[in-house]
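Keep the 3D view open as you read.

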Amino acid sequence: MRGKAAIKPDQRQYQRPTAACFGPSTAQAASLPHVNKATDSKPPAHPTRKHAFVQYGWSLCLILLHEALDRSQKARNHGWNIIIRCTAKGLRVTSQSSEDTDNTRASLLMLGSMAAFAFEDVFLKRAATALHPGQVMAMVGLAGALCFWAVAHAQGQPILTRRALTGAALVRSLSEAGASMLYITALSLIPLSVNAALLQASPLVVTMGAALFLREPVGWRRWSAILIGFVGVLIILRPGTEGFEVAGLLTVACVFILAARDLSTRMMPSDIGTFQLTTWAYLALVPAGLLLMGLGQTAPVPIAPGQWADMFIALVTGLVGYWAVTAAMRVGEVSFVAPFRYSRLVFSALLAALFFGERPDIWMLAGATLIIGSGLYTFARERHLRQQRNRRLRSALSKHTLPR
């Protein structure tokens, strides 16, 4: 507007209610012209004290609500949510970090996904030891893609689109295919508990990748924790000894590729749906499984009823877990959500002892302790930094107080 200075949202002025809002005062009423009883049947009724009190209270509530909404807009610019409650003492305005809400929901999704993936590993291992891992991978990938494709179509999320072959979506699908090839091969060769323990290095690699590629702040303390976690990986692998598992290197390589998958998920545009991502990832498993069979020069073999049951249970648990982990990585902060992957070791160790009679040795327990301990320290450090950031936001928010 010309001739008038623009008023910023943070500089808006609020006018208090005046006497004009509630009717004329006694002095003003005396100066008003007298009512002509010949032309007007009833004189204007003077507002009673009760009506004036109600009108004043209503106007005050509107002013408080208006300023509270303005304060809410300011707070959202800082990443906060304002909760307005009507109590007996008036309007109560409280603030809650939207990051806290998102991270809590994401952590619950991650815990559920880890339990589902632990069950999936059990039945995938049973199927992959009886069949070729590539055949199992291709069949589970095709069935999972059809299931998620139907859900995506029902929600209006297109699957056959060029966006699946560009940018972060392509990187994510390729990472999923490569990690699955390595993981299912290692799952058929080494004990389930060892495989799950090595997989616990994934949060450390994700934190490292978030610092290198997403420019999230990671100090020397968390870098030291990452190095200690890698020492734990070496203790589990025990290179140069009789207990060295060469197939364990496949799981280590899988961890790095999974970190690329998780980071690319975080970089995904928000308008791409979760079911789109999941369908694209499962479709990528089909050619990856066929490639794995080609590398092993193995033809498909007939499937027994028990193997069909194993793959069906693996498919259902994998679908649930895959959707939950994708939603968790998109909802929450990467460095906050990733440490909850450690719950998978607990679920996997219990199921490995129940289904396969595995008993972890002292080396695996020591290495897993270092990995989990360093990861928990990384989680605690991130939480401390997040609390400091929230306190600064509360301090900035407290400068805009409501009228008393």
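A quick word on naming before we start: helices here are DSSP runs of H or I with at least four residues, numbered from the N terminus. Also bear in mind that this is a predicted model.

**The cavity**

Rolling a probe the size of a water molecule over the atoms shows where empty space is left. Do that here and you find one cavity of 30 Å³ or more. The volume of the largest cavity comes out at about 450 Å³. Who lines it? The lining of the largest cavity draws at least two residues from each of H3 (98–130), H4, H5 (167–187), H9 (248–266), H10 and H11 (305–331). In total, 27 residues line the largest cavity, and those nearest its centre are Phe-117, Glu-120, Glu-176, Ser-180 and Tyr-183. Sorted by class, that lining has 16 nonpolar, five polar and six charged residues.

**Two helix pairs**

Two packed helices are described by the angle between their axes and the distance between the axes. Here are two pairs to look up in the viewer:

| Helix pair | Axes come within | Crossing angle |
|---|---|---|
| H4 (residues 133–154) and H10 (residues 274–295) | 7 Å | roughly 160° |
| H8 (residues 220–237) and H9 | 10 Å | roughly 155° |

Angles over 145 degrees count as roughly antiparallel. H4 and H10 are therefore roughly antiparallel to each other, and H8 and H9 are therefore roughly antiparallel too. As for handedness, H8 passes H9 in a right-handed crossing, whereas H4 and H10 cross in a left-handed way. The contact of H4 with H10 involves 19 nonpolar residues, seven polar ones and no charged ones.

**Salt bridges**

Side chains of opposite charge can pair when their charged atoms come close. How many salt bridges does the structure hold? There are six salt bridges. One to zoom in on joins the side chains of Asp-121 and Arg-344, at 2.6 Å from N to O. Asp-121 sits in H3 and Arg-344 in H13 (residues 343–355), so this pair ties together parts that are 223 residues apart in sequence.

Note on methods. Residues numbered from 1 in each chain as written. Predicted model: local features only at pLDDT ≥ 70, side-chain atom pairs only at ≥ 80, totals over all residues. Heavy atoms only, no water. Axes fitted to C-alpha atoms, helices over the stretch in contact; angles between N-to-C directions. Parallel < 35°, antiparallel > 145°, perpendicular 65-115°, else oblique. Left-handed = near helix turned anticlockwise from the far one by under 90°. Nonpolar A, V, L, I, M, F, W, Y, C, P; charged D, E, K, R; others polar. 1 Å grid on protein atoms, 1.4 Å probe; cavity = no way out; pocket = protein on both sides within 12 Å on 5 of 7 lines; lining within 4 Å. Points joined across faces, edges and corners; volume = space filled by probe spheres on them. Salt bridge = Lys/Arg side-chain N within 4 Å of Asp/Glu carboxyl O.
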